Amino acid sequence: MCGITGYIGYREAYPIIINGLKRLEYRGYDSAGVMLYDGNNINLSKTKGKVSHLQENVKHEISDKGTLGIGHTRWATHGIPNDVNSHPHVSQSGNLVIVHNGIIENYDAIKQELISRGYTFHSDTDTEVLINLIEEIKGQEKVKLGKAVQIALNQVIGAYAIAVFDKTKPDEIVVARLGSPIAIGVGKDLKEFFIASDASPFIEYTKDAVYLEDEELAIIKMGREVKVRKINDDSFVDLKIQELQMNLEQIEKGGYEHFMLKEIYEQPRAITDTFRGRLLANEGIIKISGLENNMKKFLNAERIIIVACGTSWHAGLVAEYTFEEFARIPVEVEYASEFRYRNPVITEKDVVIAISQSGETADTLAAIKLARSKGAFVFGVCNVVGSSIARENDSGAYTHAGPEIGVASTKAFTTQITLLTLIALRLARAKGTMTSADFRLYLQEMELIPNKVEQLLKIDDHIKAIAKKYLLSTNCLYLGRGYNFPVALEGALKLKEISYIHAEGYPAAEMKHGPIALIDDRMPVIVIATSKGHYEKVVSNIQEIKSRSGKIIAVVTEGDTTVRDLADHVIEIPETEEALSPLLTTIPLQLLSYHIAVMRGCNVDQPRNLAKSVTVE
Ligand code: F6R
């Protein structure tokens with residue numbers, strides 16, 4: 001959650017920090033702040049609201065000069081979003097300044113102790129407690145900033161990525177991480193350094209980045225190599241500089257009105273990138289190196305447990321159908337947040353697949369650690385290269401969707417399904433649970449999916465016209481069966497999170513067990529009724545909705561006539577195998593949510609109360 005950015009070097013820090021904060025705003029956007037050091041003074045501006053709001057304030061409030069600064073965009077945990085609770089926070093003496101992403105769980109006990117020593121607090125945040133703890137240690141122990149930060153971090157319980165500045169030592173910034181990401185961009189000849197929650201704020205300045213690992217602290221000092229130490233035992237860590245693969249174009253809107261729309265339209269490319277080099281349809285081969293190297297683990301697995309949150313959990317549900325049908329391996333799909341706390345039975349014969357776009361989701365990360373501690377083999381399906389989850393697994397494979405910046409997941413979902421389907425198919429061949437003719441058929445069908453998605457994107461105007469009719473709805477029901485039940489859940493999640501319309505997804509047959517009571521002539525019901533997926537049963541469900549005057553928006557296979565006669569609106573998807581249909585049925589549901597949200601005047605890229613990367617539990 002929260003985005004951190006910082007700069008120390010020879011350029012003006014403010015434009016770098018403010019542009020960086022705009023790029024990190026997907027991580028949290030309820031308040032923002034910046035501290036600039038002009039060689040003599042600390043200039044601080046912070047405010048409730050977006051980074052653009054901060055920019056306006058800076059114009060009137062402070063000098064924007066200085067070649068050192070730190071900035072923050074917040075997703076509130078402790079204390080409501082207001083000006084005072086916004087970061088940066090300053091210590092009692094006014095010398096130390098901090099920005100923080102994460103939660104200090106034992107902050108209250110520390111706060112009471114500091115109050116008894118004469119400290120006063122202005123905000124409700126755990127962060128203000130941390131910076132005063134650092135100040136107290138620095139004074140009491142007579143140590144430098146780096147050491148004081150280290151001692152303080154050994155006393156706190158929680159998660160953090162922090163950047164700390166000390167006015168009495170103005171040529172350095174100290175950063176540290178536990179559970180929340182932090183990257184350091186290293187400029188040419190060590191003349192400048194960049195700090196950020198991900199590398200996006202500095203990719204136009206340097207391609208050399210150091211990603212801190214958990215429990216590491218780095219002292220960034222002008223003209224000197226970055227020094228990294230372990231927080232708990234003070235040992236030095238070898239500096240690993242990575243070359244960034246990301247480019248500027250990937251993180252810009254490229255002419256689209258919103259990142260979400262851009263990312264919906266990127267799906268043909270993203271799906272292709274996910275199977276590129278892995279799916280060799282002509283040769284009848286699937287090759288995924290992380291899987292090949294651990295094939296025995298998968299073949300001997302008595303069960304696969306999938307852990308994930310939100311949209312990634314929905315992708316896991318689709319995978320449950322494919323793994324069981326193709327590879328005949330029992331699968332359980334778990335919310336990572338429930339799994340980690342319910343003392344689950346896990347053995348060495350389990351393979352755990354953790355799915356995460358960001359690779360930073362706190363609950364998923366904790367679920368992985370738990371599974372590994374019980375001896376299970378953990379395989380990660382992540383999008384962000386080098387993310388915490390990607391590093392924490394025994395093995396894994398990337399989805400290659402490219403940066404996803406819109407808070408609502410779109411291309412992450414379809415690329416997760418693509419990769420998980422390839423894995424299921426590969427296992428099916430290895431286990432002999434699928435004939436080679438069927439295997440080849442799926443490979444060929446999969447290869448056609450990007451073109452079919454492209455085809456679907458061409459009916460965007462038709463979907464927009466449907467959206468216009470339902471933009472004032474207050475409730476919405478999504479129904480699907482089999483492979484398309486998770487798509488119904490995902491469709492409902494997409495609508496509720498960006499348009500704030502209450503929406504529920506159900507397996508179509510469950511409707512009779514309760515939700516049918518909701519149906520009247522004001523209730524839009526989106527039904528996925530593909531030709532190969534329990535079609536007749538879904539048609540019966542549609543009849544039941546019609547008899548109760550519900551408004552039916554049906555997603556059908558092209559050429560369908562039966563549902564066309566019953567539904568108020570029909571969206572056709574190209575024909576494909578049922579197991580691959582989620583890759584197509586999802587697209588119109590994403591577009592429908594997008595258009596409804598835009599027409600309702602919602603900020604689709606930054607929906608209220610949400611953040612892209614949920615690094616707190
Ligand atoms: C919804 C959405 C969230 C994420 C969830 C998990 O559109 O984006 O539900 O899917 O927070 O995030 P990752 O996949 O990064 O672990």
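1. A quick definition before we get going: a polar contact here is a pair of N or O atoms within 3.5 Å; within protein, one must be able to donate a hydrogen and the other to accept it, and residues adjacent in sequence count only if both atoms are side-chain atoms. With that in hand, look at Gln-357, where a backbone N or O atom lies 2.7 Å from an oxygen atom of the ligand. In Ser-356, an N or O atom of the side chain is 2.6 Å from a ligand oxygen.

2. Some housekeeping. This is a predicted model, where local features need pLDDT of at least 70, side-chain atom pairs count only at pLDDT 80 or more, and totals for chains, interfaces and linings use all residues. Residues are numbered from 1 along each chain as its sequence is written, and side-chain values use heavy atoms, with hydrogens and water left out.

3. Where does the ligand sit? Its place is the second largest pocket, by the rule that more than half of its atoms lie within 2 Å of the grid points. On a 1 Å grid over the protein atoms alone, a pocket is an open set with protein on both sides within 12 Å along at least five of seven lines, a cavity is a set of points where a 1.4 Å probe fits but cannot get out, and lining residues have an atom within 4 Å of a point.

4. That pocket has a volume of about 640 Å³. Of its 30 lining residues, Cys-309, Gly-310, Thr-311, Lys-612 and Val-614 are the closest to its centre. The lining takes at least two residues each from helix 10, strand 20 (350–356), helix 12 (362–373) and helix 17, and helix 10 gives the largest share, five residues. Sorted by class, the lining comes to 13 nonpolar, 13 polar and four charged residues.

5. The largest cavity is about 70 Å³. Among its 13 lining residues, Arg-74, Thr-77, His-87, Gly-102 and Thr-127 are the closest to its centre. Strand 6 (96–104) is one of the elements that give two or more residues to this lining, and its three residues make up the largest share. The lining has two nonpolar, nine polar and two charged residues.

6. The second largest cavity holds about 50 Å³ of space. Its lining has nine nonpolar, one polar and no charged residues; Tyr-470, Leu-495, Ile-501 and Pro-524 are among them.

7. Two backbone details to check on your screen. The peptide bond from His-87 to Pro-88 is cis, with omega near 0°, and Pro-88 is in the loop between strand 4 and strand 5 (89–90). Tyr-500 is not a glycine, yet has a positive phi of about 65°; look for Tyr-500 in the loop between helix 17 and strand 24 (502–507).

Key:
Points joined across faces, edges and corners; volume = space filled by probe spheres on them. Helix = DSSP H or I, 4+ residues; strand = E, 2+ residues; numbered from the N terminus. Nonpolar A, V, L, I, M, F, W, Y, C, P; charged D, E, K, R; others polar.
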